[in-house]
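Please walk through this protein with me, one element at a time. Keep the sequence and the 3D view open as you read.

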Amino acid sequence: MHSRLHSIFLVLMLGAVTALAVQTTPSPTPPPAAVISPDNVKSFDPAAATAAWLATVPADKRAKSDAYFEGGYWLLLWDFLMAVAIAIFLLQTRISARLRDLAERFTDFKTMQVVVYAIPMVIIFAVLNFPLTVYEKYFREHKYELATQTFGPWFVEQLEGLVIALIAFSVALSILYAVFRRAPRTWWIWGTVVMVVLQMFGALIAPVYVEPIFNSYKPLEDPAVRDPILALASANQIPVHQVFVVDASRQTTRISANVAGFLGTTRIALNDNLLKQCTLPEIRHVMGHEMGHYVLDHITKLITFSALQFLFVFALTGGLFAAAASRWGERWDVRGISDPAGLPLLVLILSILFFLLTPFQNTITRVTEREADAFGLNTAREPDGMAEASLKLATYRKLNPTPWEEIIFFDHPSGRSRIRMAMDWKAAQLPCGDVR
């Protein structure tokens, strides 16, 4: 499951592919300390095996991935500060109020006023945030050899994403502001309901209608890879009969896969980087992990946690918005929470609250990822494949963070944690006599 619940709206995943000739590859070769032999069956040490796997990563590669991931700590702060700065700018200059006035002159229909206001507002936010976006999503990704697109195609995709955002935000804001108008005292309850419904709707349509905008999805033809994946799906009662490949290498060098959808839209997809870079045991584990998200119904659990989070945040937002509007509302020409001109103030408050909740959000997601890891181990039974895949993910995730780093900044278990889980599982399965 890259895609996580963040801020106010559901983040939609990319995907898609071109058929590739994939050849069956051997199992990953573990370091000596991680190998089970007749001499160490009774004394196999998961801690030593974990250390041996970690030691296979050259120091320069580890330093590079650490630098990339630790830079993300600062980007988290800069993204937050940029959102705050833009919101304050739009309030202080009364640009937001002028856009509201323009919308009111355009139409008397309240819902249409919100749409007319939202379109230029989203564009302004995108333009003001573009310098940080182009650094973070383009230049920095190329610097660390994680991106493959030239600037032109990348920029076109940003424009496509902006069009999708204009539609999604216009619909979401028109519904939310209808709630603000009709339930001024209890909007925080009904607003939470609206957010949950919108997230569920996004999860339903994204795999079918949104992801194919950015990538091509084609059936995986190689039976050596496809059939083991379908066997895992059948064993776990996942209603699919095809596996799709996504041409993600057009944009990135990262490996990924997903089992997404519900109500008839369920689909298994893996990106072509996974096929190019990973062995069959690694692919089996990754797909077992992704099936774990589906079987364990993590999307419903994450939406439930998100609902509780929105309920808490919206409850605080009501009081904070009223206090700020009472003190500065006249200067900003903001009449109340049902006034679209107050959207930047709403964004400001929500940005602060969600920023402070980052460790909580990461922990919730990390727990579900760990559950999926355990499911993948028990389903695919590929502990060495899990260890090797974890090392490949470490090209852009810090491999061996401190405990507090992992708690605050990691929305997935670290590579060290995942490899240790795989080696612990391997040791626990030794009495069964069927661990390779």
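**A covered strand and its surroundings**

Strand E6 is mostly covered: five of its five residues are buried. The model is a predicted one. E6 spans residues 267-271. Its side chains point two ways. Arg267, Ala269 and Asn271 face one way, while Ile268 and Leu270 face the other, and all are buried.

Which strands pair with E6? On one hand there is E4, which is joined to E6 by four bridges and runs parallel. Within this pairing, Phe244 has Ala269 of E6 as its bridge partner. On the other hand there is E5, also joined to E6 by four bridges, but running antiparallel. Here Ala257 stands opposite Leu270 in E6.

Now step across to E4, residues 243-246. Val243 and Val245 point one way from E4, Phe244 and Val246 point the other way, and all are buried. E4 also pairs with strand E3, residues 217-219, in the antiparallel sense over three bridges. Tyr217 has Val246 of E4 as its bridge partner. Lys218 stands opposite Val245 in E4.

The four strands form an open sheet in the order E3-E4-E6-E5, and the pairing is mixed. E3 and E5 (257-260) are the edge strands, each pairing on one side only. On average, neighbouring strands of this sheet are turned by 30° against each other, direction ignored. Helix H9, residues 280-295, packs on the sheet and touches E5 and E6. The direction of H9 makes about 30° with that of E5.

Is His285 buried or exposed? His285 counts as buried, because its relative accessibility is 4% and the cut-off for buried is under 20%. What is His285 in contact with, leaving aside neighbours within four places in sequence? Its contacts are Asp373, Gly376, Leu377, Ala380, Glu382, Gly385 and Met386.

**Out at the surface**

Turn next to the outside. Ile189, Trp190, Val193, Val197 and Leu311 form a nonpolar patch on the surface. Together they have about 420 Å² of accessible area. Helix H6, residues 187-214, gives the largest share of this patch, four residues. Ile189 lies in H6. Ile189 is partly exposed, because its relative accessible area is 35%, and partly exposed is the range between the buried limit of 20% and the exposed limit of 50%.

Ala235 is another place to look. Find it in helix H7, residues 223-235. Ala235 is exposed, because its relative accessible area is 62% and exposed means over 50%. Ala235 and Thr379 are 144 residues apart in sequence, yet 8.8 Å apart in space, C-alpha to C-alpha.

**The whole protein**

Finally, zoom out. How many helices and strands does the protein have? The secondary structure comes to 15 helices and six strands. The protein has 436 residues, and 52% of them count as buried. Its accessible surface comes to about 20,400 Å². Carbon and sulfur atoms account for 65% of that surface.

Notes
Residues are numbered from 1 along each chain as its sequence is written. This is a predicted model: local features need pLDDT of at least 70, side-chain atom pairs count only at pLDDT 80 or more; totals for chains, interfaces and linings use all residues. Side-chain values use heavy atoms; hydrogens and water are left out. Helices (H or I, at least four residues) and strands (E, at least two) are DSSP runs, numbered from the N terminus. Buried means under 20% relative accessible area, exposed over 50%, partly exposed in between (1.4 Å probe, protein chains only). Patches are made of residues with over 30% relative accessible area and no salt bridge: like charges are joined within 9 Å, nonpolar side chains (Val, Leu, Ile, Met, Phe, Trp, Tyr) within 5 Å. Accessible areas come from the Shrake-Rupley method with a 1.4 Å probe; for residues, only the protein chains shown count as cover. A salt bridge is a side-chain nitrogen of Lys or Arg within 4 Å of a carboxyl oxygen of Asp or Glu. Two strands pair if DSSP finds at least two bridges between them. Axes are lines fitted to C-alpha atoms, for helices over the stretch in contact, and angles run from 0 to 180 degrees between N-to-C directions. Contact means heavy atoms within 4.5 Å.
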